[in-house]
Amino acid sequence: MTDECLTNNQAALAGRLVAIMRTMIQAANEAGVTLEAAAVKNLSKIFDRWPRERTYPAPLDKSAEAEEQLPRDLYVDVFERKVRGQTYVFQRCNGLNIGDRLTDNAMMADDYRFHDVFHYAYVAVLTWSPVIRALFRLKRKSDPKIDEAQDGARATLIEEGVATWIFGQATALNFFAGVKAGELPFDNAKSWSASSGTWIERSKPS
């Protein structure tokens, strides 16, 4: 039966809904949960991803020394330039070159040389980025434990791994062309949470 037939036949639609509800009740009983509990959890998940009111948490490094905090306003010029026939990506901030000039580091060009924009996005959205801390010399040296555990080599490698994974997902999904805010595939959001969320959680000030 087509959707149009169901639209014009309320009795048929009701019959379909009854069959669906019976299946849901059976599945809930087998799982040992009630439909009410499942509905409450589902609504909680929906409003967690698409909240009615956006409430932003305090910056993760709000308790750090002022000179060791990530910048709250940051303007970085990312551009390409050829040097002896090779195309590189450069970055400048406040008139100074930042970091090393970058290539794709791959056999085939894939634009990965621009991947540092991910790190800047982490700063903008999460106020978290061991990579940018190292690049801008903002490691929290005043707290040796945080400096070692949250701003050190392990944290940097994890962040680079997350950036590489996201780039790979973007490549497979046509660089998210046409994807609007809030439309990121849920599997991607869950994988991001699993790959880096725990680490960021551990980075929160106590």
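This tour moves through one protein chain, stop by stop, saying what to select and what is found there.

The model is predicted, so local features are given where pLDDT is at least 70 and side-chain atom pairs count only at pLDDT 80 or more, while totals for chains, interfaces and linings use all residues. Residues are numbered from 1 along each chain as its sequence is written, and side-chain values use heavy atoms, with hydrogens and water left out.

**Colour by confidence**

Start by colouring the chain by pLDDT, the predictor's confidence in each residue on a scale from 0 to 100. The protein chain has a mean pLDDT of 86, and 88% of its residues reach 70 or more. Select helix α8 (residues 186-203), where confidence is lowest at a mean of 60, and then helix α5 (residues 130-135), where it is highest at 95. Helices (H or I, at least four residues) and strands (E, at least two) are DSSP runs, numbered from the N terminus.

**Select Q91**

Next, select Q91, which is found in strand β2 (residues 86-93). Q91 is buried, with a relative accessible area of 3%; here buried means under 20% relative accessible area, exposed means over 50%, and partly exposed lies in between, with a 1.4 Å probe and protein chains only. Which side chains does Q91 meet in polar contacts? The side chain of Q91 makes one with the side chain of Y120, at 2.5 Å, and another, of 2.6 Å, joins the side chains of Q91 and D116. A polar contact is a pair of N or O atoms within 3.5 Å; within protein, one must be able to donate a hydrogen and the other to accept it, and residues adjacent in sequence count only if both atoms are side-chain atoms.

Now show the surroundings of Q91, taking contact as heavy atoms within 4.5 Å. Not counting residues up to four places away in sequence, Q91 touches residues including V76, F79, L96, I98 and L102. If you also select R101, 10 residues from Q91 in sequence, the C-alpha to C-alpha distance is 7.6 Å.

**Follow the contact to D116**

D116 is placed in helix α4 and is buried, with a relative accessible area of 12%. The side chain of D116 is also joined to that of H115 by a polar contact of 3.4 Å. Leaving out residues up to four places away in sequence, D116 touches Q91 and L102.

**Check two loop residues**

Select N94 in the loop between β2 and β3 (96-97). N94 has a positive phi of about 55 degrees although it is not a glycine, and at 75% relative accessibility N94 counts as exposed. Then move to D111, in the loop between β3 and α4 (116-126), where phi is again positive, at about 70 degrees, in a residue that is not a glycine. D111 is partly exposed, with a relative accessible area of 41%.

**Finish at helix α2**

Finally, select M24 in helix α2 (residues 10-31), which at 40% relative accessibility counts as partly exposed.
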